Amino acid sequence: MRTLADIESNTIASRLVNRLAEELTLFTRDELQMAIKKKLMAEFGSAAVSLPLDATARQLADTLTANLPRFTRNGSATPYFTTPEMVTTERHYFETVRRMATSGGGLPAHQIENSAHAFKKQCEDRGRSCDATQIAALRYLLGPGELKILVGPPGGGKSDILRAVAQTHIEHGRKVFATAPTDKATESLAAAVGDITGFRSDRLADAIARGEIPDRSVLLFDEAGMEGTLRLTEIVTQADVHGITLIMAGDPKQIPAPRAGEPLRPTLDLLSKEPGIPKPVVLTNIYRQRHPGDQSAVRAAWMGQGDKSIQYFDDHDELSFCVDNARTYAASAEVYCRNRQDGASSLVLTVDKDSAAEANRVIRTALIERGAIGEGRTLRSVEVVNGQERHGELAVAPGECLILTGEIEATKPGGRETRLPAGISATVKSITANNLEVETEGGKRRLIPLSGKDGRSAALPVSYGYALDLKSAQGMKVERAVLAVTGPVDAAHYLVGVSRHTEQVSLMVSRQTYDSRDALAKAASRRQDKRMIYDFDWSPDQFSSFETERNDSIAPRFGG
C-alpha cells in the first residue's frame with residue numbers, strides 16, 4: 001500500500017506545485033489540495049482508494065505552502081502562493097520592461113512627422129480618414145524607447161499602424177521582423193506589413209539567440225495578449241540583450257494565454273503610470289465592421305458593457321434563443337448555409353473545441369443534404385493534442401471547408417514548392433489520386449500531395465473549418481459570423497465572438513446555458529483577469545530572499 005512517505009519521496013506533489021504555478025501563476029491552498037488529490041488518484045490508480053485522500057492531500061498542501069512565497073490581494077485574508085521562480089521571473093520581466101522603455105532615442109522628429117503625413121495620405125487613398133489616436137500612436141511607436149505597446153479593440157486599425165511603423169524603419173535601413181503566437185497570425189502580420197520574415201513566438205527567443213534576427217532590428221509582435229509570462233520574459237530578455245526594438249500589439253480584453261499570466265495587461269498599466277516612461281496611446285475607434293451600429297456594439301463589448309451590446313443585436317433581430325444545444329447547432333448551421341449560398345465568407349464560433357467538432361458535424365450534414373458538397377474520398381488525418389499525435393480519418397469532398405491544424409507542404413500552380421501555415425482555412429476544389437487541390441484565403445490555388453516522398457499515403461493535419469472555437473478564432477476575420485453559445489462565456493469570449501465579422505453576426509444561444517437575455521448580458525459583462533503577482537499586495541523585501549533562485553535559475557534561463 002502507498003504511504004505518505006512514498007508519495008513525498010516521489011516528489012509528486014512538489015512537481016505539481018511547479019506545474020500549477022506555470023498554469024495559474026498564483027494559487028490558493030485549496031486549489032493546490034484539489035490538484036494534489038486528482039494527481040494522487042491518477043498516479044496510483046486503484047491503490048489510491050486505500051489512502052485517506054483528503055487528509056493526505058491536505059497534509060501535503062499544508063507542508064508545501066509553508067515554504068512558498070505568499071501574497072494577498074485587496075486586503076483579503078485569503079493567501080495566494082507561487083514558486084520562487086515565478087516571483088523572480090515576473091520581477092525580471094518588469095525590470096526589463098522598465099529598462100527597455102526608457103532606452104533608445106527613437107527617430108528624429110521630422111522623420112516621425114513625415115511618417116505621420118504619409119499614413120494620413122494612405123488612409124485617404126483607401127477612402128478612410130484616420131483619427132487622432134492613430135496618429136498619436138504612430139508618433140509614440142516611432143519615438144523614444146526600445147519597448148512599446150500598441151493596444152486597442154479588435155478591428156481598431158492596429159495592423160495599419162504596424163505597417164506604417166515597419167515601412168518607416170525599413171526606409172531608414174533597419175531590418176524588421178514579425179512574430180505572433182500562431183502560424184496564421186505570424187504570416188498575416190508579415191504579409192500585411194510588407195512581406196517581411198516572421199517567426200512564431202515559441203521559436204522567437206531561440207531565433208534571436210542564434211542570430212537569425214540581427215542585433216538592432218525591429219520586432220513587431222502581434223496578438224501579444226495571447227502570450228504568457230514565461231515565454232514573454234524570454235522574448236523581452238533576448239530583445240534587451242541584443243538591442244532589438246520590441247513593439248507588442250494586442251488587446252488585453254480578449255482571451256488571454258492558456259499559460260500562466262497575461263503580462264500585456266499589467267505592462268500597459270505600468271507604462272501608463274510609471275514616471276519618466278513614454279506613455280502608450282490606446283486606440284478606441286473600430287473600423288472592421290461596415291455598419292456604424294455594429295461598430296458601436298463591438299465597442300460596447302470592448303468596454304465591458306455586455307448589456308448594451310446585446311441590446312443592439314436583439315433590437316436588430318440578430319439574437320435568438322434555442323431550446324437546447326442541439327437546436328442551437330441546427331440553427332447555426334441554417335444561418336451558415338444561408339450565408340454560404342449568398343457567397344459570403346462565414347464561420348460559426350463556439351465556446352470550446354468539443355462544441356466546434358459538433359457544430360462542424362451538424363453543418364457538414366446540412367451542406368450534404370443541400371447538395372453543396374460533392375462526392376469525395378476518405379483521407380488520413382492527424383492532429384496534435386497536448387503534445388500527442390492523434391490519427392484518424394476525414395471524409396473530404398469538393399466544396400469542403402478545411403482548417404489547417406499544422407503546417408503542410410504544397411505546390412503552387414507553376415510547380416514551385418511552398419508551405420501552408422497552421423490556422424488558415426482552405427476550400428477543396430478537387431481531389432485526384434495524388435493531390436488535394438485547395439483555394440486558400442485570398443483566392444490562392446495550391447496542390448497538397450496525398451502521399452509522402454516514400455510513396456505512402458500521408459496523414460494531413462486538417463480538420464473541418466465550418467466552425468472554430470473562440471480561442472482559435474482570435475485574429476480571424478470573415479464577412480458573416482455566427483456565435484453559437486452552448487456553454488459559459490465571459491466578457492473576453494463574447495468580445496471575440498461579436499468582433500470577427502465585417503457585415504453581420506448572428507447570436508444563437510442555448511437556453512441550457514442562458515435562459516434569458518439578462519443572464520447572457522451579465523455573463524458577457526464579467527471580466528476574469530488572470531492572476532499576476534503585479535496585481536497583489538507585496539513589498540520589496542519579499543523578493544530579497546529569492547535572489548539566490550534568480551541567480552541560479554533565472555539568469556541562465558533568460559540569458560540575463
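**Exercise 1. What covers the buried residues of H7?**

The model is predicted: local features need pLDDT of at least 70, side-chain atom pairs count only at pLDDT 80 or more, and totals for chains, interfaces and linings use all residues. Residues are numbered from 1 along each chain as its sequence is written, and side-chain values use heavy atoms, with hydrogens and water left out.

*Solution.* 
Step 1. Locate the helix: H7 spans residues 132-142. Helices (H or I, at least four residues) and strands (E, at least two) are DSSP runs numbered from the N terminus.
Step 2. List its buried residues (under 20% relative accessible area, exposed being over 50% and partly exposed in between; 1.4 Å probe, protein chains only). They are Gln134, Ile135, Ala137, Leu138, Tyr140, Leu141 and Leu142.
Step 3. Identify the cover, with contact meaning heavy atoms within 4.5 Å. It includes helices H6 (109-125), H8 (158-171) and H12 (264-273), together with strands E3 (147-151) and E7 (245-250).

**Exercise 2. Determine why His242 counts as buried, and state its contacts.**

*Solution.* 
Step 1. His242 lies in the loop that joins helix H11 (229-241) to E7.
Step 2. His242 counts as buried because its relative accessibility is 18%.
Step 3. With neighbours within four places in sequence set aside, His242 contacts Ile208, Ala209, Asp215 and Arg216.

**Exercise 3. Describe the hairpin of E16 and E17.**

*Solution.* 
Step 1. E16 (residues 435-440) pairs with E17 in the antiparallel sense over 5 bridges; pairing requires at least two DSSP bridges between the strands.
Step 2. Opposite Arg445 in E17 stands Glu439.
Step 3. Between the strands there are 4 residues, and Gly442 in this hairpin takes a positive phi near 90°.

**Exercise 4. Characterise the interface of domain 2 and domain 4.**

*Solution.* 
Step 1. Domain 2 covers 90-273 and domain 4 covers 380-464, with bounds from an automatic or database domain assignment.
Step 2. Their C-alpha centres are 32 Å apart, and 4 residues of domain 2 contact 6 residues of domain 4.
Step 3. The two domains bury about 420 Å² between them, 46% of it on carbon and sulfur atoms. Buried area is the accessible area (1.4 Å probe) that two parts lose on being put together, summed over both.
Step 4. Of the area that domain 2 buries against domain 4, 92% is supplied by Asp183, Lys184 and Glu187, more than by any other three residues.
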